[in-house]
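Hi,

Here is the structure for you to look over. My notes follow below it.

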Amino acid sequence: MPYIDTKNNTPGIRSLMTFRPETGKVLNQLAQVLLADESTLTKNERELIAAFVSSGNDCKFCMKTHSSIAAS
């Protein structure tokens, strides 16, 4: 469940990118660093962590997205 009313029906973090386009670039850079750049954790481990956090945040869209990526 989002905590910022973005006044749009775009799911997950993409709604913030639509709501405030100037933040989209920064949010994508953050996601790149956390989920894709070099790390001591594998990409799948990081995606599983993201799925767990998304589950705790009750964001089914993000949880399913991160879970699917981790499973691939």
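Asp58 sits in the loop between H3 and helix H4 (60–71). The model is predicted, so treat what follows as computed. Asp58 has a positive phi of about 60 degrees, although it is not a glycine. Most residues other than glycine have a negative phi. Asp58 is partly exposed, at a relative accessible area of 44%.

Lys7 also has a positive phi of about 60 degrees, and it is not a glycine either. Lys7 belongs to the segment before helix H1 (14–19). Its relative accessibility is 69%. The cut-off for exposed is over 50%, so Lys7 counts as exposed.

Next, H4. The helix has twelve residues. From first C-alpha to last it reaches 16 Å, close to the 16 Å expected at 1.5 Å a residue. Which residues of H4 are buried? They are Cys62, His66 and Ala70. These cover an arc of only 65 degrees around the axis, so they lie on the same side of H4. Their cover includes helix H2 (21–35) and H3. The face of H4 turned away from the buried side carries Lys60, Lys64 and Ala71, which are exposed.

Last, the surface. Leu41, Ile49, Phe52 and Val53 make a nonpolar patch of about 390 Å². One of them, Phe52, is in helix H3 (residues 43–56). Phe52 has a relative accessible area of 65%, so it is exposed.

Best wishes

Notes:
Residues are numbered from 1 along each chain as its sequence is written. This is a predicted model: local features need pLDDT of at least 70, side-chain atom pairs count only at pLDDT 80 or more; totals for chains, interfaces and linings use all residues. Side-chain values use heavy atoms; hydrogens and water are left out. Patches are made of residues with over 30% relative accessible area and no salt bridge: like charges are joined within 9 Å, nonpolar side chains (Val, Leu, Ile, Met, Phe, Trp, Tyr) within 5 Å. Accessible areas come from the Shrake-Rupley method with a 1.4 Å probe; for residues, only the protein chains shown count as cover. A salt bridge is a side-chain nitrogen of Lys or Arg within 4 Å of a carboxyl oxygen of Asp or Glu. Helices (H or I, at least four residues) and strands (E, at least two) are DSSP runs, numbered from the N terminus. Buried means under 20% relative accessible area, exposed over 50%, partly exposed in between (1.4 Å probe, protein chains only). The expected span of a helix is 1.5 Å times one less than its number of residues. The arc is that of the directions from the helix axis to the C-beta atoms. Contact means heavy atoms within 4.5 Å.
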